[in-house]
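I opened a new model today and kept notes as I went. Here is the structure I was looking at.

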Amino acid sequence: MTAGRVAIIGGGIAGLAAAYRLRQADGGLALTLVEADTRLGGKIRTERMEGLVIEAGPDSFLASKPAAAALCEVLGLGDRIVSTTRESGGTTILHRGRLEPLPEGITMLVPTKVRPLLRSRLLSTRGKLRMATEYFRRPRLDDGDESIASFVRRRFGEEVYAHMAQPLLSGIYSGDAEQLSLLATFPRLRETELRYGSLIRGMLAQRRAAPPPPPAGSQPRGAFLSLRGGLGELIDALVDSLDGIDWRVGVAAVAVEPVDGGWIVHLADGSAIAADAVLLATPAWATADLVAGIDEELAELLRGIPYVSTATISLAYRREDVGQVGVGRGFVIPRIEGRELTAVTWASSKFPHRAPEDLVLLRAFVGSAGREEAVDLSDDQLLDLVRRELREILGLEATPVLTYIHRWHRAMPQYILGHLERVEAIDRRLEQHPGLLLLGAAYRGVGIPDCIVSGERAAARALAYLAGAAEPSRQPQ
């Protein structure tokens, strides 16, 4: 066992995953977790009211990235995992004021079926022909990065970018596709281009090599997973599993200071924590403030990671008041449509157990890079905006029986061009500060599985450091 003290600053999923990994690896470690908010979980926040399960932040995680499902399993939540329902349907896109389905057979923008594409009204005949010519277009062979917008235009043309790629790809990051780095966000697209020469050719080859479908009657998991009672169940299970933790919730860390081969974490209430290793699971801008006193160059690198503010607006309706409007998964909205809404999800159709039978639950999103003003409207103004756009798009005149608004200020990191080089530069600066580790959504992935992996890797590095470190640091006077 490794003697020592570890301080984790930030109680979101990355910090909690790190704490869990540390506690499982070494029950003798003295662990302190500091969270400025009065609740743990970071952006994962589930509210339960009047039989509704309302997600204020993310509502799912990718099945293709196994870290989240694996953590649920070891925490005893395996039987709580749910997939998107069959009734939720596929992706729909607002196109010139009408909702149009994404053509069947399109995966990550790549068409693999001809007839659904030809029938689609998302693209003009010219746009469809331009998309099809991607099969014959040569790849760019240099190893430089480019924006998502540049890549899609180069491979598929302007129409595919404006009407499909922009809302589908950049919407994940609430970002500006003209600025988001392809290699930092969707590196597999670039890898496929280089390996096969064409995304269409690559996707067809991968489909031919894919394993056979599961036998009839089996229940394979879908692409998106959640928990029966909402993602908050994962946070609750993590917290309950963490015995012997010194919880400092509701107090912010204000600075970290190297002392005698270890670290002192100064808190806003005037207290201090001695640690041999410190894991900073805070947003990059907050981490910059914590380390500014010891490394201004590191702080400037961290401040260079931009953040975007967003808001989620949940509205519950009587089923009898919405009829067929409340059927399906929801839709995304391209910027070219000129709306404040960026996406709408029928949460009660997307996952089971989200609402009583007589209610339907809708979740609307506002806020993206360059379009954050709506986030700071008053509650009444924001609800009026959302209801007006829902009325214009869906013809939804019904009055909601319950509404819930949550704003996420400076919450979504933007992986803009140069992000990977910035992260490498941050890693080089950290080499000057043994025992100080950074983790979370700011660096190598914003999804829940990415953050879990970030926390587990930081914990593993902390354990390796402690195993070779000298005597534990002294308590602060």
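**Cysteines**

I looked for disulfides first, taking one to be a pair of cysteine sulfur atoms within 2.5 Å. By that rule the count is zero. Such a link is a covalent bond between the sulfur atoms of two cysteines. I checked Cys-72: its nearest cysteine sulfur belongs to Cys-451 and is 14 Å away. Cys-451 is in no disulfide either. Buried means under 20% relative accessible area, exposed over 50%, and partly exposed in between, with a 1.4 Å probe and protein chains only.

**Ground rules**

I noted that this is a predicted model, where local features need pLDDT of at least 70, side-chain atom pairs count only at pLDDT 80 or more, and totals for chains, interfaces and linings use all residues. Residues are numbered from 1 along each chain as its sequence is written, and side-chain values use heavy atoms, with hydrogens and water left out.

**The five-stranded sheet**

Next I traced the strands. Helices (H or I, at least four residues) and strands (E, at least two) are DSSP runs, numbered from the N terminus. Two strands pair if DSSP finds at least two bridges between them. I found five strands in an open sheet, in the order E12-E2-E1-E16-E22, with parallel pairing. Which strands are at the edges? They are E12 (245-249) and E22, and each pairs on one side only. On average, neighbouring strands are turned by 15° against each other, direction ignored. Axes here are lines fitted to C-alpha atoms, for helices over the stretch in contact, and angles run from 0 to 180 degrees between N-to-C directions.

I went through the joins:

- E1 (residues 5-9) and E2 (residues 30-35) share five bridges, and Ile-9 stands opposite Val-34 in E2.
- E1 and E16 share four bridges, and Ile-8 has Leu-279 as its partner in E16.
- E16 and E22 share three bridges, and Leu-280 has Leu-438 as its partner in E22.

**Helix H12**

I moved on to H12 (residues 296-303). Its buried residues are Leu-298, Ala-299, Leu-301 and Leu-302. What do they pack against? I found helix H11 (284-291), helix H16 (419-430) and strand E22 (436-438). Contact means heavy atoms within 4.5 Å. At the start of H12, a side-chain oxygen of Asp-295 comes to within 3.2 Å of the backbone nitrogen of Glu-297.

**The three-stranded sheet**

I also found an open sheet in the order E5-E11-E6, with antiparallel pairing. E5 (61-62) and E6 (81-83) are at its edges with a single partner strand each, so one side of each has no neighbour in the sheet. Two bridges join E5 to E11 (residues 224-227). Phe-61 has Leu-225 as its bridge partner.

**His-95**

Last, I looked up His-95. This residue is in strand E7 (residues 92-95). His-95 is buried, at 7%. Not counting residues up to four places away in sequence, His-95 touches Glu-100, Arg-121, Leu-122, His-163 and Glu-337.

Methods. Polar contact = N/O pair within 3.5 Å; in protein donor to acceptor, adjacent residues only side chain to side chain.
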